[in-house]
Amino acid sequence: MLTVAGELDVVGGPDLRQAVMAEVREGRHRLVLDLTGVDFIDSFGLGVVIGALKRARLLDGDLRVVVPEPRLRRVFEVCDLDRVFDLHPTVDEATGSAAASTVRDS
Amino acid sequence: MNADAPSGDEMIVADFRPGEIVLEIPARTEYVSLVRVVVAAAAEIEPDMASERIEDLRVAVSEATTNAIEAHDLHGVSDRIRIQCNLADDEIAVVVHDQGMGFEPDEVPELPEPDSPERLLHEGGLGVHLMQMLADESEISATDHGTDVRLVVYSSKRRRRDSDG
């Protein structure tokens, strides 16, 4: 689980990219990205989230994104990314469906 | 406020239209959040501007400003970036002006469908799409000297009027 706070733009985005790379390097590629504490995202931030999904999927992992704020969710939706990502309103729901999909996979 | 009304600060505002705010920033990414804060605060002066629309403007302006800074960086331009914000009765218009060679909006590739695997490879290219989708008007004009991005968001009053007529 990666908990992100602040602004996911050209300044905050690279920190998240580093954090994702560190997770993947350590063998964790079923990632949950909690954006509850994020109060702004633009295309740079979206690019980092897309990159995280790609890295996870390359290793047969996946990425769930927690986006409770409607105004943040709107930025994903405007780019049709709500059809690409698993967007969840709460961490519980994201991790709950992670468990459910583990059951399904087995 | 009447533009012709005498005022003590006439010397300072003489070049500006009423309701115009001008911000100049160094071409460094650390200043993008400052631009967002100023533009959002300016938009809040307009009483009939819905908070969702101010959010839309914040994202669109962030895209334009980030692009402008990248253009200066790419072309080694040390000049500052100018952001003009015009508050009118029924809209807010923001122009982001950079001096880093022209940007060709036609060269931005169309986004693949979200279901296609190529879509996942598109980490960039979403910025122009977001500006177009979030602003009521967006216009990118490139000259030899740089690029102007004009973003307009309408007030709720104007949107109601437009949808009625």
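Here are a few notes on this predicted model, starting with chain A and moving on to chain B.

1. Start with the layout of chain A. You'll find 4 helices and 4 strands in it, and reading from the N terminus they go β-α-β-α-β-α-β-α. The radius of gyration is 13 Å, close to the 13 Å that the globule rule gives for 106 residues, so chain A is as compact as a globular protein of that length.

2. A few more overall figures for chain A. Its C-alpha atoms fill a box of roughly 40 × 30 × 20 Å along the principal axes. Of its 106 residues, 40% count as buried. If you look at contacts with a separation of 6 or more, 71% of them in chain A come from residues 24 or more positions apart.

3. Next, have a look at two helices of chain A, H1 (residues 13–25) and H2 (residues 43–58). They pack at an angle of about 10°, and their axes are 9 Å apart. On the H1(A) side the contact is made by Gly13(A), Leu16(A), Arg17(A), Val20(A) and Val24(A). H2(A) brings Phe44(A), Gly45(A), Val48(A), Gly51(A), Ala52(A), Arg55(A) and Ala56(A). Sorted by class, this contact has 7 nonpolar, 3 polar and 2 charged residues.

4. On to where the chains meet: 21 residues of chain A are in contact with 22 residues of chain B. On the chain A side, the elements giving two or more residues are H2 and helix H3 (70–78). H2(A) gives the most, with 8 residues. By class, the residues on this side of chain A divide into 11 nonpolar, 3 polar and 7 charged.

5. Which residues touch the most other members of the largest nonpolar core? They are Ala60(B) and Val94(B), and the core has 64 residues. Leaving out residues up to four places away in sequence, Val94(B) touches Val39(B), Leu57(B), Val61(B), Ile83(B), Gln84(B), Cys85(B) and Leu151(B).

6. Last one: is Leu74(B) buried or exposed? It has 10 C-beta neighbours inside 10 Å, and the cut-off for exposed is 12 or fewer, so Leu74(B) counts as exposed. You'll find Leu74(B) in helix H3 (residues 51–74) of chain B. The C-alpha atoms of Leu74(B) and Met101(B) are separated by 9.3 Å, with the two residues 27 apart along the chain.

Conventions: Residues are numbered from 1 along each chain as its sequence is written. Chains are lettered from A and ligands numbered from 1 in the order in which they are written. This is a predicted model: local features need pLDDT of at least 70, side-chain atom pairs count only at pLDDT 80 or more; totals for chains, interfaces and linings use all residues. Axes are lines fitted to C-alpha atoms, for helices over the stretch in contact, and angles run from 0 to 180 degrees between N-to-C directions. Two residues are in contact if their C-beta atoms, placed from the backbone, lie within 7 Å. Ala, Val, Leu, Ile, Met, Phe, Trp, Tyr, Cys and Pro count as nonpolar, Asp, Glu, Lys and Arg as charged, and the others, Gly among them, as polar. A residue is buried if 20 or more other C-beta atoms lie within 10 Å of its own, exposed if 12 or fewer, and partly exposed in between; C-beta atoms are placed from the backbone. A nonpolar core is a set of buried Ala, Val, Leu, Ile, Met, Phe, Trp, Tyr and Cys residues joined through C-beta atoms within 7 Å. The radius of gyration is taken over C-alpha atoms; the globule rule is 2.2 Å times the number of residues to the power 0.38.
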